[in-house]
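Here's a quick tour for anyone meeting this structure for the first time. Take a look, and then we'll go through it piece by piece.

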Amino acid sequence: MFNFAVQSKVILSTYAKIYRKYYQFLHKMHLTEQNKNDCMPLKIALFASGSGSNAENIVNYFSGSSDVQTPLIVSNKPDAYVHERARKLGVPSYTFTASEFREATAILKLLEAFEIDFIVLAGFLLKVSEPILHAYPNKIINIHPALLPKFGGKGMYGHHVHEAVVAAGERETGITIHYVNENYDEGKVIFQAKCEVSPDDTPDTVAQKIHELEQQHFPVQLENLLMINGCTK
Ligand code: GRF
């Protein structure tokens, strides 16, 4: 009688162990599957109107990353140098007219086809239209070559900004990375970095300082931001 009880207990505990192992195995498989679905790499579309040095820097920074991909460049200028950079980088680039950007149907289709999660404006001069803002809430980021709210707004782009900074006798300037909303340069600030403006600086030398700040900080700040937002799919 005693033996039978002991034997039954041993058999039951062996079954329990096997069941537990099986359950752990299933749980692990489920988590792996969940990770696969939840943590797909985030995909950025880069919007650029000009030379595209920021777009190129961002593509290079994330090349080989398993967390962030840059599969698409979009422009409003067919002859912008960013297309040449895109060709060399092996990233497809597309051009849309200003009215296509306003209306947005074709662009949103393209973004959907490339499974784009975030839009990064890297020297993009058009205002982002409402349908695009609506499709990507808090997921559009811009870089501005000054310390916003100073030297922002309509007409304040590229060299105009550096000329205004020098003309105003500013002692410092810098870059601002910010979310995009319906007004030029007014979305929430994410990051700023400063540099000195000395009395003998010209708009050109200021432009060079800003370029260096952008190259140093823009991709790193994007990475920080995207990792916080990570696994959005
Ligand atoms: C950058 O200075 C950026 O801050 C501003 O436009 C410039 C674009 O330069 N929005 P690039 O086209 O990336 O070389």
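This is a predicted model: local features need pLDDT of at least 70, side-chain atom pairs count only at pLDDT 80 or more; totals for chains, interfaces and linings use all residues.

The protein chain averages a pLDDT of 88, and 82% of the residues score at least 70.

Numbering runs from 1 along each chain as its sequence is written.

Now for the ligand. It is surrounded by 15 residues, and the closest are S51, S53, N54, G123 and P145; the test for being near is a C-beta atom, placed from the backbone, within 6 Å. Helix 2 (53-62), strand 5 (140-144) and helix 8 (203-229) each give two or more residues to this shell, and helix 2 gives the most, with three. Helices (H or I, at least four residues) and strands (E, at least two) are DSSP runs, numbered from the N terminus. Here is the shell by class:

| Class | Which residues count | Residues in the shell |
|---|---|---|
| Nonpolar | Ala, Val, Leu, Ile, Met, Phe, Trp, Tyr, Cys, Pro | six |
| Polar | the others, Gly among them | eight |
| Charged | Asp, Glu, Lys, Arg | one |

Next, the inside. Buried means 20 or more other C-beta atoms within 10 Å of a residue's own, exposed means 12 or fewer, and partly exposed is in between, with C-beta atoms placed from the backbone. Leaving aside neighbours within four places in sequence, L46 is in contact with A55, I58, T70, I73, V120 and A122.

Which residues of helix 7 (residues 158-167) are buried? They are V161, H162 and V165. Seen down the helix axis, these fall within an arc of 90° , so they line one face of helix 7; the arc is that of the directions from the axis to the C-beta atoms. On the other side, H159 and A167 are exposed. After helix 7 comes G169, with a positive phi near 65°.

Conventions. pLDDT is the predictor's confidence in each residue, from 0 to 100. Two residues are in contact if their C-beta atoms, placed from the backbone, lie within 7 Å.
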